[in-house]
Amino acid sequence: MSFSERLAGLMARPGQDNVPRDDVPWHLKYAGRAAGIVGGFFAVLFGLYNCLGILLGDVGCLVGGILQVLVGFAVLAIEAPCCFIFIDYVQQLAEWADQRPYWNRAAFYCVIALVPVFMCLGLGSLFGCGLVFLTGMLYGMMALGKKGSREDMAAMASPNAMSPVQGVPSTDQHSTLMEDPDVWRPT
């Protein structure tokens, strides 16, 4: 693949989804991508800052800082592969991650963001990995999908609502509740 083909592929990617996901609002897509890019950048920056903990003899912060730099590079490789244009497999990794469901990316980001924080608890690791965790939460919200319409929610909240299987009435939510015998109520 030539340099111009690779560049054209990278420039066409942000507006396109390999898997069509019409149920996700556009602002969540861009917020997730932007939070991932910013979070990855700050994770690398504050990871390098945490590596300076070796000067004080804190090996936990050194290892946590190294892990935080790796977390930042992983997030940047998935969210902004144009930053690594000269590494061949990064584009393939980003395309593979885009084809996965959103909950996979959400779980991955949330888990990898916690490890450096446990290694070195400080403002640098909390802020850098917190942004990566926020990116995971945004992708988790995308995995939930769009909220139902007002009419759908009102229909489901009504006492005689029908279940998704037509013709089968759902049980009233209050019918399974029992009154507390210890509470005195005037008759």
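Student: Which residue does Arg-33 meet in a salt bridge at 3.5 Å, N to O?
Tutor: In this predicted model, local features need pLDDT of at least 70, side-chain atom pairs count only at pLDDT 80 or more, and totals for chains, interfaces and linings use all residues. Residues are numbered from 1 along each chain as its sequence is written, and side-chain values use heavy atoms, with hydrogens and water left out. A salt bridge is a side-chain nitrogen of Lys or Arg within 4 Å of a carboxyl oxygen of Asp or Glu. The side chain that Arg-33 meets at 3.5 Å is that of Glu-79.

Student: Why does the pair of Arg-33 and Glu-79 tie together parts that are apart in sequence?
Tutor: Helices are DSSP runs (H or I, at least four residues), numbered from the N terminus. Arg-33 lies in helix α2 (residues 26-51) and Glu-79 in helix α3 (residues 59-79), so the parts tied together are apart in sequence by 46 residues.

Student: Are Arg-33 and Glu-79 buried or exposed?
Tutor: Buried means under 20% relative accessible area, exposed over 50%, and partly exposed in between (1.4 Å probe, protein chains only). By that cut-off, both Arg-33 and Glu-79 are buried.

Student: In which helix is Asp-98, the partner of Arg-33 in a salt bridge?
Tutor: The side chains of Arg-33 and Asp-98 meet at 3.7 Å, N to O. This pair links distant parts of the chain, 65 residues apart, and Asp-98 is in helix α4 (residues 88-99).

Student: Which residues do salt bridges that share partners join into one network?
Tutor: Arg-105 forms a salt bridge with Glu-79, with the closest N and O atoms 3.2 Å apart. The network joined through shared partners consists of Arg-33, Glu-79, Asp-98 and Arg-105.

Key. Helix = DSSP H or I, 4+ residues; strand = E, 2+ residues; numbered from the N terminus.
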